[in-house]
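The following paragraphs lead the reader through one protein model, from its overall layout to individual side-chain pairs. Please keep the sequence and the structure in view while reading.

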Amino acid sequence: MFLEDLDAGQQFVLSELTDYLLMQFPEGSLKWENYTNRRLLIRTVKYCFEEQLLLRHDGTESDYLSDQSQDILYENTGLSRYFVRRFMQPITDLKSLSDRPIFESLKIDEERGFICKACLAPKGVKVVH
């Protein structure tokens with residue numbers, strides 16, 4: 001939700017994201033002093049880079065890992081608004097990131113904007129239109 005609320009090209013610093021996350025969790029349950037929490041956040045941010053949801057302009061994640069007071073300047077690419085919509089099943093059905101290729105193997109008819117019935121049929125089953 002944080003990225004979806006930002007405009008494409010809008011910049012933000014990591015501390016804005018961490019403050020937003022603190023507000024989403026019950027008070028006291030998320031502590032950025034904990035190295036493991038910071039490491040998990042950085043893994044998520046790196047995944048966002050891989051998916052081209054974020055650009056980094058200043059600072060490094062390794063600096064933040066060693067010192068939580070370090071800030072990093074990011075830019076929202078605007079693609080986050082469409083990211084979750086790419087999944088063909090509820091995202092809550094995913095147990096890990098390795099489950100994601102199951103959904104990506106489905107083919108979308110780009111002209112019509114929907115999944116072809118033949119793509120959903122089991123192998124060897126011929127679909128009659």
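**A guided reading of the model**

At 48% relative accessibility, D7 counts as partly exposed, a class that lies between buried (under 20% relative accessible area) and exposed (over 50%), with a 1.4 Å probe and protein chains only. The model is a predicted one, in which local features need pLDDT of at least 70 and side-chain atom pairs count only at pLDDT 80 or more, while totals for chains, interfaces and linings use all residues. Residues are numbered from 1 along each chain as its sequence is written, and side-chain values use heavy atoms, with hydrogens and water left out.

D7 forms a salt bridge with R81, with the closest N and O atoms 3.6 Å apart; the term denotes a side-chain nitrogen of Lys or Arg within 4 Å of a carboxyl oxygen of Asp or Glu. Since D7 lies in the segment before strand 1 (11-13) and R81 in helix 4 (residues 80-83), the pair ties together parts that are 74 residues apart in sequence. R81 is also partly exposed, at a relative accessible area of 30%. By this rule the model has 2 salt bridges. The side chains of E61 and R56 also meet in a salt bridge, at 3.1 Å from N to O. Here E61 is buried at 5% relative accessibility, whereas R56 is partly exposed at 40%. In general, side chains of opposite charge can pair when their charged atoms come close.

The wider layout comes next. The protein has 6 helices and 5 strands; these are DSSP runs, H or I of at least four residues for helices and E of at least two for strands, numbered from the N terminus. From the N terminus on, the order of elements is β-α-α-β-α-β-α-α-β-β-α. Of the 129 residues, 27% count as buried. Among contacts (heavy atoms within 4.5 Å) with a separation of 6 or more, 46% join residues 24 or more positions apart.

Which residues have the most contacts inside the largest nonpolar core? They are F12, L14, L54 and Y74, in a core of 22 residues. Such a core is a set of buried Ala, Val, Leu, Ile, Met, Phe, Trp, Tyr and Cys residues joined through side-chain atoms within 4.5 Å. Helix 1 (14-24), helix 2 (35-50) and helix 3 (61-66) are the elements that give two or more residues to this core, and helix 2 provides the largest share, 6 residues. Leaving aside neighbours within four places in sequence, L54 is in contact with L3, F12, V45, C48, F49, Y74, E75 and T77.

At 1.5 Å a residue, the 16 residues of helix 2 should span 22 Å, and the end C-alpha atoms are 23 Å apart, which agrees; the expected span is 1.5 Å times one less than the number of residues. At the start of helix 2, a side-chain oxygen of N34 reaches to within 2.8 Å of the backbone nitrogen of T36. Just after helix 2, Q52 takes a positive phi of about 60 degrees, in a residue other than glycine. Q52 belongs to the loop between helix 2 and strand 2 (54-58) and is exposed, with a relative accessible area of 53%.

Terms used
A polar contact is a pair of N or O atoms within 3.5 Å; within protein, one must be able to donate a hydrogen and the other to accept it, and residues adjacent in sequence count only if both atoms are side-chain atoms.
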